[in-house]
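I opened the model to look up a few points about how its parts pack. These are my entries, in the order I made them.

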Amino acid sequence: MEATLFATEDALTVDQIATHLGDADKADVRSALARLAQFYAPRGIHLVERGKRWHFQTAPDCAHLLRKERESLRKLSRAATEVLAIIAYHEPVSRAEIESIRGVQTSGGTLDVLMEAGWVKPAGRREVPGRPVIYATTPDFLRHFSLESRRDLPGIDELRATGMLDPVQEAFEAEMAEPSDEGDASPEQ
């Protein structure tokens with residue numbers, strides 16, 4: 001099992017590992033994975049599960065030593081970051097739905113960049129007239145951002161606490177939430 005996980009390029013599910021080991025019992029595979037994860041926990045690499053797939057990754061305390069070796073990804077544009085966030089929080093989502101949420105047209109190149117990075121994939125077609133393609137995140141997205149599942153994405157309160165929300169948008173939302181001082185008329189009038 002250990003050799004299989006070392007040799008593969010992609011993270012593997014329990015089913016894939018069991019099949020590779022000659023249809024081993026899934027409970028035995030899970031137990032062995034837990035023991036291996038425990039074994040590697042104090043070492044320079046860790047066995048981790050991301051999106052129900054298992055793989056080895058560099059231990060966080062050693063990652064800075066290997067950053068020079070890693071291929072540097074170019075920084076995502078603001079549009080690509082927005083599209084990625086919309087897909088992550090609303091998946092599966094069509095391009096028209098992305099544009100509706102963003103309020104602007106989305107370039108096909110933006111989705112191409114995200115698909116080339118391996119973070120987004122076509123996830124089928126919506127069962128509506130025109131049958132638009134819908135998009136979802138990939139296990140590579142989870143792995144890159146060290147998320148076990150999409151449930152681990154930060155919520156609105158966490159984003160506010162880190163200062164990642166747009167202050168202009170927050171001010172607009174706060175202003176919209178304040179009651180109007182215009183006249184003494186009650187809402188029923």
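Entry 1. I looked up Thr110: is it buried or exposed? Thr110 has a relative accessible area of 12%. The cut-off for buried is under 20%, so I put Thr110 down as buried. I note here that the model is a predicted one, and my values are computed from it.

Entry 2. I checked where Thr110 sits, and found it in helix α7, which covers residues 108-116. I then asked which residues Thr110 is in contact with, leaving aside neighbours within four places in sequence. I got Ala79, Ala80 and Val83.

Entry 3. I took the pair α5 and α7 and looked up their axes, which come within 9 Å and cross at roughly 70°. Angles of 65 to 115 degrees count as roughly perpendicular, and α5 is therefore roughly perpendicular to α7. I recorded the crossing of α5 and α7 as right-handed. From α5, the contact takes in Ala79, Ala80, Val83, Leu84 and Ile87. From α7, I listed Thr110, Leu111 and Leu114. Sorted by class, the contact of α5 with α7 has seven nonpolar residues, one polar and no charged ones.

Entry 4. The crossing of α5 and α6 is right-handed. On the α5 side, I noted Ala79, Glu82, Val83, Ile86, Ile87 and His90. On the α6 side, I noted Ile98, Ile101 and Arg102. By class, the contact of α5 with α6 holds six nonpolar, one polar and two charged residues.

Entry 5. I compared the lists for α5.

Entry 6. I finished with the whole chain. I counted ten helices and five strands. Of its 189 residues, 26% count as buried, and Thr110 is buried too. Among contacts between residues at least 6 apart in sequence, 44% join residues at least 24 apart. The chain exposes about 13,200 Å², and carbon and sulfur atoms supply 52% of that area.

Technical notes:
Residues are numbered from 1 along each chain as its sequence is written. This is a predicted model: local features need pLDDT of at least 70, side-chain atom pairs count only at pLDDT 80 or more; totals for chains, interfaces and linings use all residues. Side-chain values use heavy atoms; hydrogens and water are left out. Helices (H or I, at least four residues) and strands (E, at least two) are DSSP runs, numbered from the N terminus. Buried means under 20% relative accessible area, exposed over 50%, partly exposed in between (1.4 Å probe, protein chains only). Contact means heavy atoms within 4.5 Å. Accessible areas come from the Shrake-Rupley method with a 1.4 Å probe; for residues, only the protein chains shown count as cover. A crossing is left-handed if the near helix is turned anticlockwise from the far one by less than a right angle, and right-handed if clockwise. Ala, Val, Leu, Ile, Met, Phe, Trp, Tyr, Cys and Pro count as nonpolar, Asp, Glu, Lys and Arg as charged, and the others, Gly among them, as polar. Axes are lines fitted to C-alpha atoms, for helices over the stretch in contact, and angles run from 0 to 180 degrees between N-to-C directions. Angles under 35 degrees count as roughly parallel, over 145 as roughly antiparallel, 65 to 115 as roughly perpendicular and the rest as oblique.
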